[in-house]
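Subject: Structure for your review

Dear colleague,

Please find below the structure that I am handing over to you, together with its sequence.

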Amino acid sequence: LAQPGHEVSPTRFHNSVHNAAAGYWNIATGARTPANSLAAFDASFAAGLLEAAVQVAAENIPVLLVAFDLPFPAPLDAVRTITAPFAAALLLTPQATATPLACLRISLDTEQADSAMERAEIEALRVGNPAARALPLLQAIASEQGQRLSLNYGANSLIIEVESP
């Protein structure tokens, strides 16, 4: 950067900031509501779910949780390889809607077991993409059976009890 002709243009890195997608969404839709972006390495989905659930409970408002990760370009891919793109979205509401998919009860525990997927290829996706840590929850919601899940949250686990409506 100290050499002539090596100016860094914002147009070369503006999409690399973590909140770019949320900013573009708000601009495109004219949304004036707040948007949070967070990252917690492999615990990013659990951190996002906990953050969204706290907002729902504290502010008594619906919150859209969107989790996504794409393979990183070099040199970032050397730090955390993302094996395949993945995205998921959940609308969390303080009260049941007319057509709820599930009721979630979320808590923290010192339990360290991470809920995994039975099929090897889906488990590889879950392990290979932080956003794909949503897969056990998505499967539990789709199965319409009550389940207890554990998602890694650093030194703790996010415990999710999924109940059918």
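Two strands are taken to pair if DSSP finds at least two bridges between them. On that basis, β3 pairs with strand β5 (residues 156–163) in the antiparallel sense, over seven bridges. Please note that this is a predicted model. The chain has an average pLDDT of 90, and 90% of the residues score at least 70. Among the elements of the chain, the lowest mean pLDDT (86) belongs to helix α1 (residues 20–29), and the highest (98) to helix α3 (residues 120–128).

The sheet

The open sheet consists of three strands in the order β3-β5-β4, with antiparallel pairing. Its edge strands, β3 and β4 (147–153), each pair on one side only. On average, neighbouring strands of this sheet are turned by 25° against each other, direction ignored.

Helix α2 (residues 44–59) lies across β3, β4 and β5 and runs at about 110° to β4. Helix α4 (residues 135–143) also lies across β3, β4 and β5, running at about 165° to β4.

The position A102

A102 is located in the loop between β2 (86–92) and β3 (103–109). Is A102 buried, exposed or partly exposed? Its relative accessible area is 26%. Buried means under 20% and exposed over 50%, so A102 counts as partly exposed.

Which residues is A102 in contact with, leaving aside its neighbours within four places in sequence? The contacts of A102 are I141, V162, E163 and P165. Finally, the C-alpha atoms of A102 and A142 are separated by 8.9 Å, although the two residues are 40 residues apart along the chain.

Yours sincerely

Definitions and conventions. Residues numbered from 1 in each chain as written. Predicted model: local features only at pLDDT ≥ 70, side-chain atom pairs only at ≥ 80, totals over all residues. Heavy atoms only, no water. Helix = DSSP H or I, 4+ residues; strand = E, 2+ residues; numbered from the N terminus. Buried < 20%, exposed > 50% of the residue type's maximum accessible area, 1.4 Å probe, protein only. Contact = heavy atoms within 4.5 Å. Axes fitted to C-alpha atoms, helices over the stretch in contact; angles between N-to-C directions. pLDDT = per-residue confidence, 0-100.
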